[in-house]
Amino acid sequence: MRKFDINEDPHRRYNPLINEWVLVSPHRSKRPWQGQKEAVNTVALPEYDPECYLCAGNVRANGEVNPPYESSFVFENDFAALKQEPIDFGGNEEGSFFKAQPERGISRVVCFSPRHDLTLPEMDVDGIVNIIHTWQKEYTDLGNIDYINHVQIFENKGSVMGCSNPHPHGQIWAQSSLPTQVQKTQDNLKAYFDKNGTNLLQDYLNEELKVKERVVVENHHFAAIVPFWAIWPFETMIISKRHITKITDFTEDEVTAFAEVLKKLTTKYDNLFETSFPYSSGIHQAPTDGSAHPEWQFHMHFYPPLLRSASVKKFMVGYEMMGESQRDITPEKSAEMLRNLSEVHYKQK
C-alpha cells in the first residue's frame, strides 16, 4: 500500500469553525480546462462617473442626493433586504413543516472613497484606516439598538460576485437573529471554549504561525492565512493575534496594522492574475446581544472565485451541492503562490 501524500492524494479536511468537511483533490488541478471563461474587464474607470449612483453629489435611484463626501460615506440601502418596523406575528404550530419567523433589521451601504476608480489595494493605508473607523462606528451604533443582535460587515467586489457597481463600497446588514453561518461558528467557538477554556481561533493561529506553511501576510498584530480547511481556491482569513472579540476593541496601532494587512493581501490578489481580483469578504466578530463572548476571536474571511486565471472561476455545483465542498489546489500551494507575490500593485510597476 502506497504512503499517503497530502499534496497529491484525495483527502478530507475538517473545519472546526462550522463543523463541516471539505474534499481536497489535488491531482485534479492538472486536468485541462474547457469550461466557461469569464469576461475580463480591462476598461479604465474615471475618478468620477456622473452616471454612478454612489459617486459624491450624484442622485441615487430613490431621488436622494449624495453629499459631497471626501472619505467614507454611509447611507441606508435604498433597496434594503431587511426592514426596521416590528411585525406582529402569531408564530407557527410546534412541529410544523412550514416554520417561518419575521426578521427585523437594518441594511446600509458604505462607500469607501469618493474616487470611483479605486479599490482597497489601490487606496493608501490612511484611506483604509478611515474605512475601519467607519466600520467601528457602525458596529457600535447598530449594535446598541435593542433588537440588533448581529452586525454583518461585508464587501462583494467584481461583477462575477454579483456586484453591479464598480464604485468601491461594502454593505452592513444588522439583524435580530444570528445568521446561519454565524450561528454555526458561535456554537463551535462556544463548545471549544467551554471544553478547553481557551479560544479556538487563537489556538489555531498559534499553530499556523509555528509551521508558516499557509501564512500569506503578517505583522505584529494580524496574520492573513489560507485556512487548512479552505474551500475556495485562494480563500484567506485575517485573524487578530491578540484576543480581540470585536472591531471596537482595536487599539489605534491595531487599526493601522489591520489596514496594512488588508492592503497587502488585496494587492497580492490583484497581482496574482494582474486583474481587479473579485471576492466576497466579511468580518466575523462577537454578537451584539449584550453578553460577553470570550469564545470569539476577530477574523475576516475572503472568498475569491477565480481558479486558474482572470477568466476561469471555481464553480460550486454537482458534488459540492449534493455532497460536500471540494477543492483541487491545496491550501498550502495557494498560500505559497500568494505569499511569493509582490506587495506593490501591478498597476504601479
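1. In helix α2, the residues Val-182, Thr-185, Gln-186, Asn-188 and Leu-189 are buried (under 20% relative accessible area, with a 1.4 Å probe and protein chains only). Among the elements that cover these buried residues are β5 (150-157), α3 (200-211) and β10 (279-284). An α-helix has 3.6 residues a turn, so residues three or four places apart point the same way.

2. The model is predicted: local features need pLDDT of at least 70, side-chain atom pairs count only at pLDDT 80 or more, and totals for chains, interfaces and linings use all residues. Residues are numbered from 1 along each chain as its sequence is written, and side-chain values use heavy atoms, without hydrogens and water.

3. Helix α2 spans residues 180-196, 17 residues in total, and its end-to-end C-alpha distance of 24 Å is close to the expected 24 Å (1.5 Å times one less than the number of residues). Gly-197 follows α2 and has a positive phi, near 75°.

4. The count of disulfides is 0, a disulfide being a pair of cysteine sulfur atoms within 2.5 Å. Cys-55 has its closest cysteine sulfur in Cys-52, at 3.8 Å, which is too far for a bond. For Cys-111 the closest cysteine sulfur is also in Cys-52, at 7.5 Å, again too far. Cys-55 is buried, at 0% relative accessible area, and Cys-111 is likewise buried at 0%.

5. An open sheet of 3 strands runs in the order β1-β2-β14, with mixed pairing. Because β1 (11-15) and β14 (325-327) each have a single partner strand, they stand at the edges, and one side of each lacks a neighbour in the sheet. Strand β2 (residues 20-24) pairs with β14 in the parallel sense over 3 bridges (pairing requires at least two DSSP bridges). Val-24 lies opposite Arg-327 of β14.

Definitions and conventions: Helix = DSSP H or I, 4+ residues; strand = E, 2+ residues; numbered from the N terminus. Buried < 20%, exposed > 50% of the residue type's maximum accessible area, 1.4 Å probe, protein only. Contact = heavy atoms within 4.5 Å.
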